[in-house]
Amino acid sequence: MEQVQGNHFNVNDLTAEEQQLLKNIQEKKQQLLLEIQDLKREIQDVTNELEGMDVGDESKPNPKAKQITIGRKKFNMDPKKGIEYLIQHDLLQNTPLDVARFLFQGEGLNKTAIGDFLGERNDFNIDVLKAFVNLHEFSDMILVQALRQFLWSFRLPGEAQKIDRMMECFAERYCTLNPGVFVNTDTCYVLSFAIIMLNTSLHNPSVKDKPTVERFIQMNRGINDGGNLPEELLANLYDNIKKEPFKIPEDDGNDLMHTFFNPVKEGWLMKQGCPLIRGRYKNWKRRWFILNDNCLYYFQFTTDKEPKGIIPLENIQVREVPNEKARPHCFELFSSGSSEIIKACKVDSDGKVVEGRHSVYRMAASSVEEKEEWINCVRASINDNPFYDMLAARRKNATGSSVRPR
C-alpha cells in the first residue's frame with residue numbers, strides 16, 4: 001500500500017465515506033468548470049454581438065433621436081444655430097411652417113429661446129412667427145383666454161419692436177377667428193396690452209395703488225375705433241384677471257443661464273453705494289457686472305444665481321467722470337428723463353426686492369481701456385424704450401375715426 005508522502009496520499013487510506021465525499025467534490029468541480037466555460041462562451045457571444053452593433057452604427061448616420069437632442073440643446077443656447085443644425089441633418093424642413101410646428105410643440109425647448117427666435121426681424125423668422133401664431137386656435141375664446149394660451153407657448157422678449165410684431169400677429173389671428181368682436185385689430189392690440197398691464201398692477205406686490213374695475217373701464221374708453229367697448233365685456237375681463245393671474249412659463253431654472261450665457265460684456269467693477277444724507281455716499285463695493293438684454297445686472301459673486309440688482313437701460317445716459325481723485329477710471333449712469341431717480345431694483349439686507357434710490361450709478365473700472373470699453377458697450381445697449389411710443393401710436397389708431405388700411 002502506498003504511504004502518504006508530503007502532500008500526496010493514497011485514496012485507499014480514506015474511509016468509504018471520505019472517498020464518496022472526495023468523489024462528490026471532484027464532480028462538483030468538473031461541473032463548475034463546465035459552467036464557467038459556458039459562461040465564457042456566452043460572454044464572448046454577447047461581446048461579438050455588441051461589436052457587430054457598433055460596426056453597423058458606424059456605417060449609418062447618427063441616430064435621429066440623438067441628433068434631435070443635440071439640436072434642442074443647440075437651440076436653447078443659440079436658437080438660430082439650433083434650427084440650422086436640425087435643417088442640415090434633415091430633421092426639419094427649411095420652411096416657416098415646419099419650423100413653426102417644431103417650436104409650437106416645444107418639447108425640450110427653452111421658451112425664452114422660442115421667444116427670441118420668433119422676435120427676430122428677418123423675413124424667414126417673421127414668416128415663422130406668423131405660422132406659429134396661426135397654429136393657435138382662438139375661436140370662440142374671450143380675449144383673456146386667448147392671451148393665456150398665447151403667452152404660455154413662449155416668453156415675450158424684452159425688446160419693444162419684437163413685442164410689437166408678436167402682438168400684432170396675435171391681434172390679427174384673434175380677430176380673424178372671432179369676427180365682429182372688435183372693429184379692427186388695433187382695438188384688439190391695445191386691449192391686449194391693457195389686460196397685460198392690469199395683470200401686473202393687480203398681482204405685483206410692489207404696486208400699491210390697485211386699479212378698480214371702473215378705472216379699467218375708463219382707461220379703455222374710445223379704443224374701438226372711437227367708440228366704447230361694452231362695459232360688461234371689460235368687467236368680465238377684469239374679473240377674470242383678478243381671480244387668476246397670468247402664468248409665466250418656467251424653463252427648468254435655465255432662464256438666468258440663458259440670459260447670462262452670451263452677455264454683451266461682463267467683468268468686475270467697483271460700485272459706489274447709494275447716497276446718504278447731505279450728499280455723502282456709502283463705501284465702494286466690488287461687484288460682478290453683466291450687460292445683456294438692455295439691462296445691467298450686478299452680483300456679489302460670480303457664482304451667484306440671482307443678481308443683487310438690476311438697472312434697466314431705459315431713459316439712461318452714460319458719461320465719463322473726469323479727474324476722480326478718490327477712485328480713478330470712473331463712469332456713471334444718470335437719468336435722461338424727467339425723474340432724477342433711476343428706475344432700478346435691488347435686494348436689501350433682508351432679502352427683499354426693493355426699488356433703487358440712486359439718482360446716479362457710479363462705477364470704477366480697473367484701467368482706462370476697461371472703462372472706455374464699458375462706456376461704449378453700455379452706450380450701444382441704451383434703449384429709450386420706444387415701446388410706449390408704439391403703444392401710444394396704436395392707441396391713436398384705435399381711437400381714430402376710420403379703420404386703418406391693412
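The model is a predicted one. The protein has 406 residues, of which 38% are buried, and its secondary structure comprises 14 helices and nine strands.

**Geometry of the α2–α3 pair**
- Helix α2 spans residues 64–77 and helix α3 spans residues 79–88; their axes lie 5 Å apart and form an angle of about 160°.
- Angles over 145 degrees count as roughly antiparallel, so α2 runs roughly antiparallel to α3.

**Residues at the contact**
- On the α2 side, the contact is formed by Gln67, Ile68, Ile70, Gly71, Lys74, Phe75 and Met77.
- These residues meet Pro79, Gly82, Ile83, Tyr85 and Leu86 of α3.
- Classified by residue type, the contact of α2 with α3 contains eight nonpolar residues, three polar residues and one charged residue.

- The buried residues of α3 are Pro79, Gly82, Ile83, Tyr85, Leu86 and Ile87.
- Cover for the buried residues of α3 is provided by elements including α2, α4 (96–105) and α5 (111–119).
- Just after α3, Asp90 adopts a positive phi of about 60°.

**The protein as a whole**
- Of the contacts between residues at least 6 apart in sequence, 60% link residues at least 24 apart.

Notes
Residues numbered from 1 in each chain as written. Predicted model: local features only at pLDDT ≥ 70, side-chain atom pairs only at ≥ 80, totals over all residues. Heavy atoms only, no water. Axes fitted to C-alpha atoms, helices over the stretch in contact; angles between N-to-C directions. Helix = DSSP H or I, 4+ residues; strand = E, 2+ residues; numbered from the N terminus. Parallel < 35°, antiparallel > 145°, perpendicular 65-115°, else oblique. Contact = heavy atoms within 4.5 Å. Nonpolar A, V, L, I, M, F, W, Y, C, P; charged D, E, K, R; others polar. Buried < 20%, exposed > 50% of the residue type's maximum accessible area, 1.4 Å probe, protein only.
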